[in-house]
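Good morning, colleagues. I shall take you through one structure, moving from single residues to helix pairs and then to the domains.

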Amino acid sequence: MRQGEAGSLKCRNFLTSMQKTRGTLGVISRYREYLPVTEATPIVSLSEGSTPLIHARELSELVQAEVYLKYEGLNPTCSFKDRGMTVAISKAAEQGAKAVLCASTGNTSASAAAYAARAGMQCVVILPAGRIAGGKMVQAYLYGARVVAIEGNFDDALRIVRELGERGHFVVVNSTNPHRLEGQKTAAFEIIEELGKAPDLHILPVGNAGNITAYWKGYREFYDLGRSNNLPVMLGVQASGAAPLYHGAPMDQPETLATAIRIGQPASWDGAMGAVKESLGEFDMVTDAEILAAQKWLASKEGVFAEPASVVPVALLLKIFQSKDHDLCRSKTIFSKLPANPTLVLTITGHGLKDPETASHALSEPLQAKATLEAVLKAIEVS
Ligand code: F0G
């Protein structure tokens, strides 16, 4: 073997072991052949995707199933949005775009701002004033976006963004941009590759309804390619104050403390309806009180801290399997039709640290003690 060959082999071995490390590849490098990119597409990536699929022991016991959490809060900007944003911003760069624009309840704007910064583009984000969680707001500013807060809700912001987008100065990177959904479908690919099959049931929060549309697309694509032999039932969960898909009609005044999904007129309405109908799934909803209880439960029982919108699937499972309100759940019958010991995947869409204000319901005054061992032992009642 010549010296150069040995060198390149060594380099290749190193790369293979690097690539085995979570987070080194990025969604486009990992799933290039399934995405709308070519040699001419400049790849704008922050090594997103390849997030952990965590087995949830307590939930599995509760539901009598194998329950897994697809923890999307471990993406570079701490939400699932990065999967779609790497594709949308790469395609915008390919078109020579100088500026991107989005409406957001906070996570899309954080992600758009980060990837635009990476691509050297300007980013404008339009947000509902006073209804964006603190962590997400800080991200938009730090990544250098121009932030506009409107006196209105997300649906108003998206209407304005669509109108502005038509003027041609900006590329819109909301999930109305089809490249976003292409990137987001890769989460379904990862789940199939890790489990060796699609789950029997997939549960996820639904707001603007892009993600449920994207997951269903991903599951279908791998099924059609023979990469999996089954399709999951899709169960979309909304907050009861912002549940247009559950009710089958848009809502004018959506309200929930899970601000990420405070949306009354989901843009991907048809995609979400299609996913639920074709998979024989359902939409269901949970209250804000149930969301807060589920957030604490998930963190303290499974060690996973998720933002309020991300725990609505957990809140639904707790409601069906632990509370006397289970008859209120429209999706209850789905569980009785699943095979014995079914496999469930819940998408945990965003990290808990995105929204420390809402999580502060769990805070209490710390125990006070003098700076001595004895005093600390006394405070924690260990003798
Ligand atoms: N979970 C989180 C944490 C979100 O930020 C969102 C949407 C969803 C769930 C719902 O996903 O819209 O695809 O149905 N956030 C958008 C945003 C609307 O602007 O960040 P969806």
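Val 173 sits in the loop that joins strand S6 (171-172) to H8. Helices here are DSSP runs of H or I with at least four residues, strands are runs of E with at least two, and both are numbered from the N terminus. Please bear in mind that this is a predicted model, in which local features need pLDDT of at least 70 and side-chain atom pairs count only at pLDDT 80 or more, while totals for chains, interfaces and linings use all residues. Residues are numbered from 1 along each chain as its sequence is written.

Is Val 173 buried or exposed? Val 173 is buried, because 34 other C-beta atoms lie within 10 Å. The cut-offs are these: a residue is buried with 20 or more other C-beta atoms within 10 Å of its own, exposed with 12 or fewer, and partly exposed in between, the C-beta atoms being placed from the backbone. Which residues does Val 173 contact, once neighbours within four places in sequence are left aside? They are Met 85, Ala 88, Ile 89, Val 100, Cys 102, Ala 112 and Arg 180. Contact means that the C-beta atoms of two residues, placed from the backbone, lie within 7 Å. Val 173 and Ala 88 are 85 residues apart along the chain, yet their C-alpha atoms are separated by 6.3 Å.

The axes of H4 (residues 81-94) and H5 come within 9 Å and cross at roughly 40 degrees. Axes are lines fitted to C-alpha atoms, for helices over the stretch in contact, and angles run from 0 to 180 degrees between N-to-C directions. H4 and H5 are therefore oblique to each other; angles under 35 degrees count as roughly parallel, over 145 as roughly antiparallel, 65 to 115 as roughly perpendicular, and the rest as oblique. The crossing of H4 and H5 is right-handed, where right-handed means that the near helix is turned clockwise from the far one by less than a right angle, and left-handed that it is turned anticlockwise.

The axes of H5 (residues 107-119) and H6 (residues 134-142) come within 8 Å and cross at roughly 25 degrees. That angle makes H5 roughly parallel to H6, and the crossing is left-handed. Asn 107, Ser 109, Ala 110 and Ala 113 of H5 meet Lys 136, Gln 139 and Ala 140 of H6. By class, the residues of this contact are three nonpolar, three polar and one charged.

I turn now to the domains. The domain assignment, which is automatic or taken from a database, gives domain 1 (53-76 + 180-362) and domain 2 (81-176). Their C-alpha centres lie 24 Å apart, and 29 residues of domain 1 are in contact with 24 residues of domain 2. On the domain 1 side, the elements giving two or more residues are helices H8 (178-184), H9 (186-195) and H16 (356-359). H8 supplies the largest share, five residues. The residues on this side comprise nine nonpolar, 13 polar and seven charged. H9 is mostly covered, with seven of its 10 residues buried. Just after H9, Gly 196 takes a positive phi of about 80 degrees.

Two other backbone positions deserve attention. Most residues other than glycine have a negative phi. Cys 78, although not a glycine, has a positive phi of about 75 degrees. Cys 78 lies in the loop between strand S2 (66-71) and H4, and is buried, with 23 other C-beta atoms within 10 Å. Ser 47 has a positive phi of about 60 degrees and is likewise not a glycine. Ser 47 belongs to the loop between helix H2 (27-31) and strand S1 (53-55), and is partly exposed, with 17 other C-beta atoms within 10 Å.

Note on methods
Nonpolar A, V, L, I, M, F, W, Y, C, P; charged D, E, K, R; others polar.
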